[in-house]
Structures are given as C-alpha cells and as structure tokens.
Amino acid sequence: MATGNGSVSKIYTLTPHPDNRLGVVRWSYRMSSKPLRAGLVGAGYISEYHVAALKPLAGVELVAICDPDLSRAKAIAERFGIPGAYTSLKEMAAATRLDVIHVLTPPAYHAAVTLEALELGLHVFVEKPLATT
C-alpha cells in the first residue's frame, strides 16, 4: 500500500503469522524503514484510547491532533507528548507531513472528515458508522 503523499512506496505486507493455533487468523506486519506519521481528528474521550493503541507501535509516529476546540487538542497533545495541536484537519495537514489520520469525531462528521482526508491524499482509519444515512 502506498502512502497518500508518495513518500514511501510500500508501507506493509500482510503475511499469515506462523503461530496460528486453534484456527485463529493472525497477521504480522513488515513495516517500511520510515514510520507512518499519524494524526488524530477529534480530541474527545475516545482519543485517549487511540493514543494508547498507537504510541507503543514501533512503525507509527503520532505527530498531531486537531479539534475545533484548540484547548482540548492542546490538552491531549501535552498529556501524551504529541508535537502538534490544531483546530482543523486542513490546518494540521498543511503544518505537518501526515500519512494517515484516525477519525475520532462524532459519527455525524465521519463521512465529511474522511472525504476531506482522502482529498488531501491521506490514508484514513474511521470506525463505524462511516455515515449516519
């Protein structure tokens, strides 16, 4: 899979994990030498769970967070050592190189934020529902 901005030609390859007991499918990821640069869109309570999931990953660098309430974005950024805090995805994408974003907004905004990110050439992680209608 290529990154949205073309900086890395191959991000990961999925291969079955050799420890496949009990018929459970497991995957191992082979990352490129460059980490994925991730941003969060939304600084509500769910952002803390995504930070906790992303921070320990060797192949991911959490570089920014945005929220219309800048004080919320700054609070999460300071609490978890995220370098950048912004008020919009457009501002965040212009200020820092991103490969992927996590959409952590209320469900009514998932589709709009996802489309904006795709138009910016970013990969997107969005939880259900993708859209409310």
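**Basis of the values**

The model is predicted, so local features are given only at a pLDDT of at least 70 and side-chain atom pairs only at pLDDT 80 or more, whereas totals for chains, interfaces and linings use all residues. Residues are numbered from 1 along each chain as its sequence is written, and side-chain values rest on heavy atoms, with hydrogens and water left out.

**Overall architecture**

The chain contains four helices and seven strands, where helices (H or I, at least four residues) and strands (E, at least two) are DSSP runs numbered from the N terminus. Along the sequence these elements follow the order β-β-β-α-β-α-β-α-β-α-β. Of the 133 residues in the chain, 35% are buried; buried means under 20% relative accessible area, exposed means over 50%, and partly exposed lies in between (1.4 Å probe, protein chains only). The accessible surface of the chain is about 8000 Å², and 59% of that surface belongs to carbon and sulfur atoms. Accessible areas come from the Shrake-Rupley method with a 1.4 Å probe, and for residues only the protein chains shown count as cover. Among contacts with a separation of 6 or more, 48% join residues 24 or more positions apart, a contact being heavy atoms within 4.5 Å.

**Helix faces and packing**

An α-helix has 3.6 residues a turn, so residues three or four places apart point the same way.

|---|---|---|
| α1 (45–54) | Ser47, His50, Val51, Leu54 | Tyr45, Tyr49, Ala52 |
| α2 (70–80) | Ala73, Ile76, Ala77 | Glu78, Arg79 |
| α4 (110–119) | His110, Val113, Thr114, Ala117 | Ala112, Leu115, Glu119 |

In α1, Ser47, His50, Val51 and Leu54 are buried. These residues cover an arc of only 105° around the axis, which puts them on the same side of α1; the arc is that of the directions from the helix axis to the C-beta atoms. The packing partners of the buried residues of α1 are β3, β4 (60–66), α2 (70–80), β6 and β7.

In α2, the buried residues are Ala73, Ile76 and Ala77. Their arc is only 100° around the axis, which puts them on the same side of α2. They pack against α1, β4 and β5 (84–86). After α2 comes Gly81, which has a positive phi near 70°.

In α4, His110, Val113, Thr114 and Ala117 are buried. Seen down the axis, these buried residues fall within an arc of 100°, so they line one face of α4. They pack against β3 (36–41), α3 (89–95), β6 (100–103) and β7 (123–126).

On a 1 Å grid over the protein atoms alone, a pocket is an open set of points where a 1.4 Å probe fits, with protein on both sides within 12 Å along at least five of seven lines, and lining residues have an atom within 4 Å of a point.

The lining comprises 25 residues, of which Val41, Gly42, Leu104, Thr105 and Pro106 lie nearest the centre of the pocket. Helices α1 and α4 each contribute at least two residues to this lining. By class, the lining has 13 nonpolar, seven polar and five charged residues. Here Ala, Val, Leu, Ile, Met, Phe, Trp, Tyr, Cys and Pro count as nonpolar, Asp, Glu, Lys and Arg as charged, and the others, Gly among them, as polar.

**Selected residues**

Ala73, in helix α2, is buried, with a relative accessible area of 0%. Leaving out residues up to four places away in sequence, Ala73 touches Ala43, Ile65, Cys66, Asp67, Ala85 and Tyr86.

Lys90 belongs to helix α3 and counts as exposed at 60% relative accessibility. Lys90 and Leu120 are 30 residues apart along the chain, and their C-alpha atoms are separated by 8.2 Å.

Lys128 and Pro129 are placed in the segment after β7. The peptide bond from Lys128 to Pro129 is cis, with omega near -5°. Lys128 is exposed, with a relative accessible area of 78%. From C-alpha to C-alpha, Lys128 and Pro107 are 7.6 Å apart in space, and they are 21 residues apart in sequence.
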